[in-house]
Amino acid sequence: MSDLLIWPIVTPLAAALLALVWPSRATSIGIVAAGLTLLSTLRVAWQVSRDGVLELALGGWSPGLGIALRADGLSAILLAMSGLVSMAVAVYASVYFAGSAQRAGFWTLWLLLLTALHALFLSGDLFNVYVTLELMGLAAVGLAALGGGREALQAALRYLILGLLGSLAFLAGVAVVYAGFGSLDMATLAGVAAPVPAAWVALTLMTGGLIIKAALFPLHIWLPAAHANAPAPVSAMLSALVVKAALYLVVRLWLEIFDGVVTSAAAWVIGVPGGIAVVWGSWAALRAARLKLLAAFSTVAQLGYLFLFIALAAGLPAGEPRAAVMTALVLMAISHGFAKSAFFLGAGIVMQRAGHDRIAELGGTARALPLTTFTLALAGVALVGLPPSGGFLAKWQLLTTAIASGQWIWLPVVGLGTLLAAAYLFRLLGHAFAPGEGVGPRLAVGREEIPALALALTATLLLGLGAAGLWELIPVSAYAGRGL
Amino acid sequence: MLTSGALALTLLLLVLSLLLGLVRVLKGSSLEDRLLSVLLLGSGGVGILLLLSLSMQLTALIDVALVLALLAAVTAAALTRRGSEHG
Amino acid sequence: MSGLFTWLPDLLLAAMLVGLGWATVSSTDLRRSVALFIAFGLLLSIAWARLRAPDLALAEAALGAGLSGALLLAALRDEPPAGAVPEGLPRWLRTLVDLLAASLALALAWVLWETLSEPAPARLGEAALSALERSGVSNPVTAVLLNYRAYDTLLELVVVLTAVLGVVTLGRERPGYRRAGPVLYSLVRWLVPLLILAAGYLLWIGAQAPGGAFQAGATLAAASVMLRLSGIDSAGLPNGLAGRLVLRVTLSAGVGLFLLVGLGVMGTGRGFLHYPPAWSGGLILLIETAATLAIAAALALAFRGGRPAGWEADDPDHSPRERRP
Amino acid sequence: MSLTLLYALTGTALFLLGLRATLLHAGLLARVVALNVSGAGVFLILVAIAYREAGQPVDPIPQALVLTGLVVAVSATALALALHRRLIKEQAHE
Amino acid sequence: MAELLALLLICAGLGFYLAGAIGLLRFPDLYTRLHALTKADNLGLGLLVAGVALLHGSMLLALKLLLVWLLVLAGSAASAHLIAQHALRRSREP
C-alpha cells in the first residue's frame with residue numbers, strides 16, 4: 001500500500017475547503033497547507049528514491065477498471081519541485097496579498113491549483129489526466145484574472161478558450177486510445193501501444209492539445225500576456241509549474257507510453273518549433289519593455305529548449321545516452337522552474353515598490369532593493385545557463401548529444417539562444433544598476449524577498465552542484481517497460 | 001412484428017416532423033419563431049423519447065422525457081425573460 | 001425493408017445534428033446561435049437515448065439543453081448593445097485553420113472507421129459489469145462514477161467548485177429579473193416543487209436506474225434558476241451572513257464529504273476510497289446527496305454570474321478601477 | 001456500416017466544425033458556443049464507442065466519462081461567461 | 001386488440017404532430033402559428049401518451065406518462081402565453 005501518494009493531493013484540497021469556509025484565516029491555512037504539502041511531496045520523493053516505483057490502486061480496483069496513482073522518478077522530482085516552489089510562493093503571497101480584497105479568493109484557488117498539479121503528476125490514467133488538466137486550467141485562469149484590469153482579463157479569457165480547446169483535443173485523443181486499445185491505464189497502454197493508425201492519430205490529437213497548454217511556438221501566443229499580467233505569485237506558479245505539467249505529459253506520451261510509435265522523423269515536428277521558440281522567444285524577451293513581459297517571453301524560449309530535448313531523446317534508441325538526455329531535460333525543466341519563479345517573485349517586488357515594471361525606468365533598483373536585484377541576477381544566470389547553474393549542465397548535455405548524434409543544426413540555435421538570453425539579462429541589470437530614484441529609498445529587507453532569493457539560490461547553486469541525485473532517479477520509470 | 005414495424009414507421013415520421021420544425025428554426029424570421037420551434041423540438045423530443053422507450057424496451061427514457069419537459073418550461077421562461085429589465 | 005425503417009431515423013437524426021451544429025457555429029447572430037444551441041442540446045439528448053445511454057440523456061436534458069442554455073441566455077444580457085465586432089483572423093490563417101480541421105477530420109474519420117468496423121474488442125465494459133455485484137449499486141454507470149472511478153468524480157466535483165469560485169471572485173452577480181406576471185407566477189408555483197421532487201427522485205433512483213447526483217443537482221439548480229427568473233432574487237439560496245456561511249459549507253459539501261468518506265475508510269485498514277463492500281451502497285448515497293446539493297448550489301451561483309451580496313464579511317466592492325495590490 | 005460508426009462519424013464532424021469555429025470566431029460568446037458543440041462531438045464519439053447492439057450490454061465506462069465531461073463543460077462555460085461579463089464591465093468604464 | 005388500439009392512437013397523435021409542424025412552416029403570422037403548434041402538440045402528445053401507456057401496460061408507468069403529458073401541456077400553455085406577451089411588448093415598444 002502506498003497511501004502516501006494521496007497526501008500531496010488531499011492536503012491542499014482539504015485546505016482549500018477550509019479556506020473557503022473560513023476565509024478570515026485563509027492566509028494561515030494556506031501557509032500551513034503549503035508546508036504540509038511540501039513534506040508529503042518530499043516523503044514521496046524519498047520513498048521513490050529508496051523503493052522505486054510506487055503504485056496505489058484507488059478504491060481497491062485493479063488499474064484499468066479503477067484508477068491508479070503512480071510515482072516514479074520523473075513524477076517524484078516534479079512533485080518535489082512543485083512542493084518547494086509553492087512553499088516559497090506561499091510565504092511570498094502572505095505578504096503580497098496581505099490586506100487585499102482578493103486574499104481569500106487567491107488562497108482557495110491557489111490551493112486548488114496545487115491539488116490539480118499534484119493530481120496530474122501522480123495520475124496513472126489518461127482520462128483522469130484530462131480531468132486534472134481541466135481542473136488545472138480553470139484554477140489557473142481564475143488566478144490569472146485576479147489582477148483585474150482589461151489586459152489581465154483579456155489574457156485570461158484567451159488562455160481559457162485556448163486551454164479548453166487543448167483539453168478537448170486531448171480528450172478526443174483519449175477516445176481514440178480507448179477505441180483502439182481498450183484501456184485508459186497508462187501502464188497497460190505502455191505495454192500494448194503499437195504503431196497502428198489509432199496510435200498515430202491519438203498521439204497527434206493529444207500532443208496537439210498539450211502543446212497549446214505548454215505554449216510551444218507558434219501556439220505560445222496566449223502565454224506572454226497571461227503570465228505578464230497576472231499577480232506576481234500567480235505568474236510564478238504559471239511559468240514554473242503549470243506549463244511544465246503539460247510538458248510533463250508530452251514527455252510521458254512521447255518518450256514512454258507511445259515510445260514504440262514515435263519515429264525519429266516525427267521528432268522533428270516538435271523539434272523544429274522548439275528551435276524557433278528558443279531564438280524567437282529570446283529575441284522578444286530582449287525587446288520587451290516590461291520586466292514581467294521579459295520573463296514571460298523567456299519562458300517561451302525555455303519551453304523551446306525543453307521541446308528540443310524531447311525531440312532529441314525521441315530520436316535516440318533506448319539506452320544510456322537517452323537516459324542522459326532525459327535527465328538533462330528534467331534538470332533544465334526544474335532549474336527553469338526555480339529560476340523563473342524566483343524571477344517573477346523578484347519582479348513582483350520591484351513592481352510593488354516602483355508601481356510599474358518598465359525596464360527603462362528601473363534606475364536605482366540595485367541601490368534600493370539590493371537583495372531583489374541579486375535574486376534577479378542569480379535567476380538570470382540560471383536562465384542564461386551559465387555555470388554553475390542547473391541550466392548549464394543541461395545545455396551541455398544537449399550540445400554533446402546533438403554532436404554525438406550528428407544533429408549539428410541545433411548548435412547555432414542553442415548558441416544564439418544563449419547569447420540573446422545573456423543580452424536580455426545584461427540589459428536588465430544595466431538599467432537596474434543605473435542611477436535613479438524610480439524605486440524609492442532603500443528599506444529593510446522584506447519578508448517577501450527571502451523566498452525569492454531561496455528559489456534563485458536553488459536554481460543556481462543547489463541544482464548545479466547537487467544534480468547527481470537526478471541521474472539515479474530518472475531511470476526509475478513506471479511506464480517505460482521497454483525503453484530506457 | 002406488426003407493432004415493431006409500425007413503431008419504426010411512426011418514429012421516422014416523428015423525426016421528420018421535427019425536421020420540419022428545424023427548417024423553421026433555420027429560416028427563422030423572428031426571435032419568437034425560433035422560440036416556438038424550440039418548443040416544438042421540446043414536445044417532439046418528448047414524443048420521440050416515449051416511442052423509443054417502447055421500441056428499445058428502455059423505460060428509463062420516460063424519466064428522460066419527464067426531465068426534458070420540466071427543463072423545456074424553464075428554458076422557455078429563460079428565453080422570454082431575457083432583457084426584461086430594459087423592457 | 002424493416003432494416004431501412006430502423007435505419008432512416010438514425011440517418012435523419014445524425015444529419016440533423018450535423019446541420020444544426022453547423023448552423024449553430026456559423027450563425028453571426030448571437031441570439032439565434034444560442035437558440036439553435038438549445039435545440040441542438042435537445043437533439044443530442046435524443047441521440048444519447050438512441051445510443052442506449054439514458055443516464056446521459058437525462059444529464060443532457062438537464063445540463064446540456066437546460067442549464068447551459070439558461071447560462072448562455074443570461075450571458076446575452078451582458079453583451080453591449082452594439083458590440084464592436086473584434087477583428088477576425090487574416091485570410092491565410094483562416095485557410096490554414098480550414099485545412100487543419102479538414103485533415104484532422106479525415107484522419108479521425110479514417111481511424112474510427114478502421115477501429116470500429118471490426119467487432120468491438122473486450123475493452124473494460126465486461127470487467128465493469130462483472131464487478132457490479134461488489135460495487136454496492138446496480139446501475140453500471142453509477143458504479144463507474146461512484147465506485148470504480150470515484151476518484152475521477154471527486155476531481156470533477158473539485159472542477160465544479162473551482163469554476164464557481166472563479167465566477168464568485170470575478171465580480172458581483174447580475175441584477176435580478178422583474179417581478180413575474182400572473183401567468184409566469186402560476187407556472188413557477190407548480191414547476192419549482194416539481195423540479196425539487198424530480199431532483200429527489202433522480203438522486204434516489206440513481207443507484208439502480210439511470211439518474212444520480214449530477215442529473216439531480218442540475219434539476220435542483222433549475223428550480224433556483226426558475227425562481228430567479230420570476231423575480232425572486234434570493235432564488236432559494238440562503239440569505240444573510242449566517243446564510244452565506246451555509247452556502248459556503250454547501251458548496252464545499254460535495255468534495256468535503258467525499259474526502260471524509262475516502263479518508264474515513266482508511267480507518268478500517270483499507271486504501272483511500274476503498275469502501276467496505278457491505279457499506280458501499282449507503283456510502284455512495286451519502287456522497288451523492290452531498291454532491292447533489294453542492295452541484296445545485298454551484299450551478300445556481302453560476303447562473304447568477306457572480307457573488308451574491310454579502311458573500312464576504314466585509315464584502316469588498318470590486319470596482320472595475322481596482323488595481324493590483 | 002453500424003450505428004456505432006454512424007454516430008462516431010457524426011461526432012467527428014461536430015468536433016471539427018466546433019474546433020474550426022472556435023478558432024475562427026472573434027466574439028467570446030460565439031466561441032463558447034462553438035466549444036460546446038465541439039465538446040458534444042467528442043462525447044458523441046465516446047458514447048458511440050460504448051454502444052452495442054440490443055441484447056449485449058453497453059460499455060458503461062465511456063458513458064461515465066462523458067457524464068464527467070458534460071459537467072466539466074458546463075463549469076468551464078460558466079467561468080468563461082463570468083470572465084466575459086467582467087471584461088465588458090471593465091471596458092465600459094474606460 | 002389493445003395493441004391495435006394503441007397503434008391507432010399513436011398514429012393519430014402523429015398526424016397532429018405533422019399538422020403542427022406543417023402549420024409552423026406554412027402559417028402566415030406568429031399568432032396563428034402559436035395557436036397551431038400548441039394545439040397540435042398537446043393533442044398529438046396526448047394521443048401518443050395514451051398509446052404508449054397502453055403498450056407499456058403498467059399502471060405506474062401510465063401515471064408517469066400522464067404526468068409528462070400534463071407537464072408539457074402546462075409548460076407549453078404558459079410558454080406560449082409568455083411568447084405572445086413578449087412579442088406584443090416588443091411590437092408595442094419597439
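Tutor: One term before we start: helices here are DSSP runs of H or I with at least four residues, numbered from the N terminus. Also, this is a predicted model.

Student: Okay. Which pair of chains has the most contacts?
Tutor: Chains C and D. There are 6 pairs of chains that touch, and that pair has the most contacts among them.

Student: How many residues of chain D and chain C are in contact?
Tutor: On the chain D side, 72 residues. They are in contact with 82 residues of chain C.

Student: And how much area do chain D and chain C bury between them?
Tutor: About 7,100 Å². Carbon and sulfur atoms account for 77% of that area. Three residues, Tyr7(D), Leu67(D) and Arg85(D), supply 10% of what chain D buries against chain C, more than any other three.

Student: How many salt bridges cross the interface of chain D and chain C?
Tutor: The rule finds 1. The side chains of Asp98(C) and Arg20(D) form a salt bridge, at 2.3 Å from N to O. Chain D and chain C also have 11 residue pairs in polar contact, counting pairs with both residues at pLDDT 80 or more.

Student: Which helices of chain D supply the side that touches chain C?
Tutor: Helix H1 (3–24), helix H2 (28–50) and H3 of chain D each supply at least two residues. H3(D) gives the most, with 24 residues. By class, this side of chain D has 49 nonpolar, 14 polar and 9 charged residues.

Student: What about chain C by itself? How many helices and strands does chain C have?
Tutor: Chain C has 11 helices and 0 strands. The C-alpha trace of chain C spans about 65 × 65 × 50 Å along its principal axes.

Student: Which helices supply the lining of the second largest pocket?
Tutor: Several, from chains B, C and D, and each supplies at least two residues. From chain B there are helix H1 (2–27), helix H2 (31–55) and helix H3 (60–81). Chain C brings helix H1 (2–26), helix H3 (54–76) and helix H6 (140–148). Chain D brings helix H3 (60–92).

Student: What classes of residue make up that lining?
Tutor: The lining has 26 nonpolar, 12 polar and 7 charged residues.

Student: Back to chains. How far apart are the nearest C-alpha atoms of chain A and chain E?
Tutor: They are 34 Å apart, and chain A and chain E do not touch. Chain D and chain E do not touch either; their nearest C-alpha atoms are 18 Å apart.

Student: Last topic, chain A. Which residues does a cis peptide bond join there?
Tutor: One joins Phe217(A) and Pro218(A), with omega about 0°. Another joins Pro387(A) and Pro388(A), with omega about 10°.

Student: Where do Pro218(A) and Pro388(A) sit?
Tutor: Pro218(A) is in the loop between helix H8 (197–213) and helix H9 (223–229) of chain A. Pro388(A) is in the loop between helix H15 (370–384) and helix H16 (390–404) of chain A.

Student: What is phi of Ala215(A)?
Tutor: Phi is near 60°, a positive value in a residue other than glycine. Most residues other than glycine have a negative phi. Ala215(A) lies in the loop between H8 and H9 of chain A.

Note on methods
Residues are numbered from 1 along each chain as its sequence is written. Chains are lettered from A and ligands numbered from 1 in the order in which they are written. This is a predicted model: local features need pLDDT of at least 70, side-chain atom pairs count only at pLDDT 80 or more; totals for chains, interfaces and linings use all residues. Side-chain values use heavy atoms; hydrogens and water are left out. Ala, Val, Leu, Ile, Met, Phe, Trp, Tyr, Cys and Pro count as nonpolar, Asp, Glu, Lys and Arg as charged, and the others, Gly among them, as polar. Contact means heavy atoms within 4.5 Å. Buried area is the accessible area (1.4 Å probe) that two parts lose on being put together, summed over both. A salt bridge is a side-chain nitrogen of Lys or Arg within 4 Å of a carboxyl oxygen of Asp or Glu. A polar contact is a pair of N or O atoms within 3.5 Å; within protein, one must be able to donate a hydrogen and the other to accept it, and residues adjacent in sequence count only if both atoms are side-chain atoms.
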